[in-house]
Amino acid sequence: MNRSRRLVCLSVGLAASLAASTANATTLEEAIAAAMRHAPEIAVADAETDAAKARLEQARSGRLPTATLSGTIGYGRLDPQNFFGLRAADVTPRAAQVTVEQPLFTGGRVGAGIDRARAGIAGAEAGQSGARAQLAMAVTQAYGDVLTAARMLTLYERLLTETTEIERQARLRYRAGESPSTDVAQAGARLAEARAGLARAEGMQVSARAHFANLTGFEPIDLQRLPANPPLPGTLDEAMDEAMRSNPLVAQARAGLRAAQAAARGARAERLPTLGAFAEAGTVRDQFFPDYRADSATVGIRARWEFFSGGRVSGKVSEASSEVRAADARMRAANMQIGEKVISAFQDVRTAQLVEQAASDQAASAAQALESVRHEVRVGMKPQIDLLDAEREAIAAEAGSIRAGTDRIVAAYRLAALLGRP
């Protein structure tokens, strides 16, 4: 009875440990979320978006009234030269003025500035989305590289152990006169190859873990297996339509065209006059002679028209028109470039899925062949060198399968990035 109770407790403890291990494991989604919080480029993109929104507030302020308070105060001596019978005296001249002005007509300058600022926000938000999508793709690649490196290290450690034993047995048989020196030399060559492979795997693991930690801000411990692909369009036409709507590069080019068009409207608006209503109130003391006092209040309309600027305004109009043509060309170039990339990425996703399946089948067949060769070597049907060759083929096949899995999900995230999905 006690033994049964101990077995039950042990089983419960193992299950709890397994559950805790699973709960603490890091998923790809968690790694991407951590990178979004950690990466400086995301902070830069967020700050640029906030700056663009602040520029919109600045542009909108052109429609609101302004209030200005100015004043002066001093100390001196004023000598009216007996004018009006006034003698020289020490004075404290001071003046204050308050001006409130409301723009009534700006020729379209303010509206153009607002449109340009809104286009800037759209471009900044597109850049923000693009930065997040690129980071997600980079984290996916780093995540897969860490898994691949860890598995490669395990495989080459196993190969080194088996190769060391085979090389030892080859030397013993050679000393006993049961095998030629060729077997020893071949076993030694395979042992050196296994050591080189292990060294490469160790270096790959160090680099992969460092890159992952740099992107996410934490060490890659207990990473779960790569998940299935994120949801993607089912057809190329659907992918192309979504990319033309949401791709960050296309969206930035589109926003750049709108900003250039708004700047051109603003440049043309400088040819028109401005009109505003104003109200002023002022007070003056000791300004012209001792004890001088004057208060004033004025309400009126103020207009300004620069009808000749020496070519400054016409030059700005020509420059802005050229910028519009350039922005339009950049937008068309972005559409063409993204269209080509979407076609390639969409096909890469399909190809990567097929390659992953083929690589998985190859790894399974190589593992089965390795087990068969291991039995044949054990009963003396094949030499030890055949076991090393089969082991090497199995490792290469399994490594190819792991890389294919990484390539498959990286291709999916690359397509998602082109579609503007963060």
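Student: Which residues does Arg55 touch, not counting residues up to four places away in sequence?

Tutor: Please keep in mind from the start that this is a predicted model. Not counting residues up to four places away in sequence, Arg55 touches Glu48 and Ala117. Arg55 itself lies in helix H3, which covers residues 40-60, and with a relative accessibility of 45% this residue counts as partly exposed. The C-alpha atom of Arg55 is separated by 9.4 Å from that of Arg116, although the two residues are 61 places apart along the chain.

Let us move on to helix H4, which runs over residues 109-175 and holds Gln128. Leaving out residues up to four places away in sequence, Gln128 touches Ala45, Asp46 and Thr49. With a relative accessibility of 18%, Gln128 counts as buried, because the cut-off for that word is under 20%. From Gln128 to Val139 there are 11 residues along the chain, and their C-alpha atoms are separated by 17 Å.

Thr148 is placed in helix H4, and its relative accessible area of 2% makes it buried. The side chain of Thr148 reaches the backbone oxygen of Gly144 at 2.9 Å. When neighbours within four places in sequence are left aside, Thr148 is in contact with Met204, Ile402, Arg403 and Thr406.

Ile402, Arg403 and Thr406 are among those contacts of Thr148, and their numbers bring us to helix H9, which covers residues 384-418 and whose axis comes within 7 Å of the axis of helix H8, residues 312-378. Two packed helices are described by the angle between their axes and the distance between the axes. For H8 and H9 the angle is roughly 160°, and the two helices are therefore roughly antiparallel to each other. The crossing in which H8 passes H9 is left-handed. In the contact of H8 with H9, the residues divide into 22 nonpolar, seven polar and 10 charged.

Helix H8 also meets helix H6, and here the axes come within 10 Å and cross at roughly 145°. H6 passes H8 in a right-handed crossing. On the H6 side, the residues are Leu236, Ala239, Met240, Ala243 and Met244, and they meet Asn335, Ile338, Gly339, Val342, Ile343 and Phe346 in H8. The residues of this contact of H6 with H8 divide into nine nonpolar, two polar and no charged.

Between H5 and helix H6, residues 236-246, there is a loop that contains Asp222. Most residues other than glycine have a negative phi. The phi of Asp222, however, is near 55°, a positive value in a residue other than glycine. Asp222 is partly exposed, with a relative accessible area of 38%. Asp291, which is not a glycine either, also has a positive phi, of about 65°. Its place is in the loop between strand S5, residues 274-285, and strand S6, residues 293-304, and with a relative accessible area of 65% Asp291 is exposed.

To finish, look at strand S1, residues 66-73, where Ala67 has its place. Ala67 is exposed, with a relative accessible area of 66%. Leaving aside neighbours within four places in sequence, Ala67 is in contact with Thr99 and Val100. The C-alpha atoms of Ala67 and Thr99 are separated by 5.6 Å, while the residues themselves are 32 places apart along the chain.

Technical notes. Residues numbered from 1 in each chain as written. Predicted model: local features only at pLDDT ≥ 70, side-chain atom pairs only at ≥ 80, totals over all residues. Heavy atoms only, no water. Axes fitted to C-alpha atoms, helices over the stretch in contact; angles between N-to-C directions. Helix = DSSP H or I, 4+ residues; strand = E, 2+ residues; numbered from the N terminus. Parallel < 35°, antiparallel > 145°, perpendicular 65-115°, else oblique. Left-handed = near helix turned anticlockwise from the far one by under 90°. Nonpolar A, V, L, I, M, F, W, Y, C, P; charged D, E, K, R; others polar. Buried < 20%, exposed > 50% of the residue type's maximum accessible area, 1.4 Å probe, protein only. Contact = heavy atoms within 4.5 Å. Polar contact = N/O pair within 3.5 Å; in protein donor to acceptor, adjacent residues only side chain to side chain.
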